Amino acid sequence: MTWLALCDFTNSAFMDPKLSKGDQGTNNVFARTSPPTGIATGSLIVEVEISAERTGQIVLLEYSAVGDWNQRFSLRLDPTGQTVLEMVNGQNRQTMSVATGTSMRDRSMRITYSWDMKHQRSLLTIENLLEGVLVQAEKRTAIEFPIHIVERLTVLRQTTRADSATVFFGISDRVEPVGLAATIAAGAPVMTPRGPKAIERLRVGDEILTRDNGPQIVRWVGSRHVPTKGSFQPLRLSAPYFGLTHDLLVAPEQRLLVGGAEVEYLFGEEEILVEARHLVNGRTAFKESRFSAIQYYQVLLDNHEVIDVSGGSLESLYTGSICDDPELLQTTLLAKMPAGTLPRHLNLARPLLRSYEALSLRSALMG
């Protein structure tokens, strides 16, 4: 898998040089006399931060130019609560929309548009990154994503526009998974009955130690390679805080087990789960910006468990009842796992703090 293009609308933009080779073997895109080919299979990921004060139409990303081989692209949020994607490539046109509702305003959203020419399938997914809500629309058709548009959006910025709500976009050469996330960086030591083992070395059938139920068999190990942009940017949890023996890199949505007097006083629980993003304070937990990409991993057990990672207490993958939705399952990291063998997690290992509760906890911990 390769990330072909990335742009965060600052001074950071990248496009794979192989994409920009013209018909005559030149890298000079202005020397082209005919349109370049498109990307046959891939995904466009766009992350946005939408303020509730925005009530009109928001054009998140757009390319439009008269005479450029009839190629156009737009991604917008309509006042009616529709997220709409439109693309034209020559005689081919693709329009997809998802009813996200106006409640998605004042939210962090990840929009993933995937296409597969071979299997003639397109998928538009909207994820609310703070609340875990996911909605999708699918079409049994697909068209190539024009490389010409990728160039204009990414490195040339010609006849394009991006709204200030757009945090970054990226294009990969594969159908990217959505929903369930890998959240623990490669190299993290997970405690097993025989001692710590790097998470990327775990295999199905291995045992790892859990806080509540002792050794448990690993049913699945998944990973994902992502750019360190937007909500993919890793957080560094600093040792010896959170019980860690070494610093640990995790995705913002990774949940940690936290206990102590503050937790019991504020929430009436001995221990709770809280997302790492809510613990960021610039001292014990902060954004890590030294890497351009990262490989995240996660493990699946029969139950949702608390596991020992680098001395800290983190959650294993929580699947809920996704096994009851085979179509959604096929768009996630668990796509290759038969639904009949997928554990159903009815309960979280500990109560989970909501966003506003987590802010109270962070204030108390920084106290």
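Predicted model: local features only at pLDDT ≥ 70, side-chain atom pairs only at ≥ 80, totals over all residues.

Me: Which other strands does α1 lie across?
Reply: Helix α1, residues 147-156, also lies across β1 (3-7), β2 and β14 (166-172). Its angle to β2 is about 160°.

Me: Is α1 largely enclosed or open to the outside?
Reply: It is largely enclosed by the rest of the structure, because 8 of its 10 residues are buried. The cut-off for buried is under 20% relative accessible area. The buried residues are Ile 147, His 148, Ile 149, Val 150, Glu 151, Arg 152, Leu 153 and Thr 154.

Me: What comes just after α1?
Reply: Arg 157 is found there, with a positive phi of about 55°.

Me: Now the sheets. In what order do the strands of the 7-strand sheet run?
Reply: The order is β2-β1-β14-β4-β9-β10-β11, in an open sheet with antiparallel pairing. The edge strands are β2 (13-15) and β11 (133-139), each of which pairs on one side only. From one strand to the next, the twist averages 15°.

Me: How many bridges are there between β10 and β11?
Reply: Strand β10 (residues 121-128) pairs with β11 over 7 bridges, in the antiparallel sense. Within this pairing, Leu 123 stands opposite Glu 138 of β11.

Me: And what is the order in the sheet of 5 strands?
Reply: That open sheet is ordered β8-β7-β6-β5-β13, and its pairing is antiparallel. Strands β8 (92-99) and β13 are at the edges with a single partner strand each, so one side of each has no neighbour in the sheet. Neighbouring strands are turned by 15° against each other on average, direction ignored.

Me: Which strand is joined to β8, and by how many bridges?
Reply: Strand β7 (residues 82-89) is joined to β8 by 8 bridges, and the two run antiparallel. Asn 89 stands opposite Asn 92 in β8.

Me: What is the relative accessible area of Ala 162?
Reply: The value is 33%, so Ala 162 is partly exposed.

Me: Changing topic, what does UniProt place at residues 185-320?
Reply: The unreviewed UniProt entry gives the feature "domain: Hedgehog/Intein (Hint)" for that span. The span is 5% helix and 44% strand, and its end C-alpha atoms lie 23 Å apart.

Me: Within those residues, how many residues separate β18 and β19?
Reply: There are 3 residues between them, and the two strands form a hairpin. Strand β18 (residues 207-210) pairs with strand β19 (residues 214-217) over 4 bridges in the antiparallel sense. The bridge partner of Ile 208 is Gln 216 in β19.

Me: And Gly 222: buried or exposed?
Reply: Gly 222 counts as buried, at 6% relative accessibility. This residue lies in strand β20 (residues 220-227). Leaving aside neighbours within four places in sequence, its contacts are Ala 182, Tyr 296, Tyr 297 and Gln 298. Gly 222 and Val 299 are 77 residues apart along the chain, with 6.5 Å between their C-alpha atoms.

Me: Finally, the chain as a whole. How many helices and strands does it have?
Reply: The protein chain has 4 helices and 28 strands. Its C-alpha trace spans about 65 × 45 × 40 Å along the principal axes.

Me: What is the radius of gyration of the protein chain?
Reply: It is 22 Å, which agrees with the value near 21 Å that a compact globule of 367 residues would have.

Me: What share of the residues is buried, and what is the accessible surface?
Reply: Buried residues make up 50% of the 367 residues. The accessible surface comes to about 16700 Å², of which 48% belongs to carbon and sulfur atoms. As for contacts between residues at least 6 apart in sequence, 63% join residues at least 24 apart.

Conventions: Residues numbered from 1 in each chain as written. Heavy atoms only, no water. Pairing = 2+ DSSP bridges. Axes fitted to C-alpha atoms, helices over the stretch in contact; angles between N-to-C directions. Contact = heavy atoms within 4.5 Å. UniProt positions renumbered as here; feature names shortened; annotations may be inferred. Rg over C-alpha atoms; globule rule 2.2 N^0.38 Å. Buried < 20%, exposed > 50% of the residue type's maximum accessible area, 1.4 Å probe, protein only. Areas by Shrake-Rupley, 256 points an atom, 1.4 Å probe, with all protein chains shown as cover.
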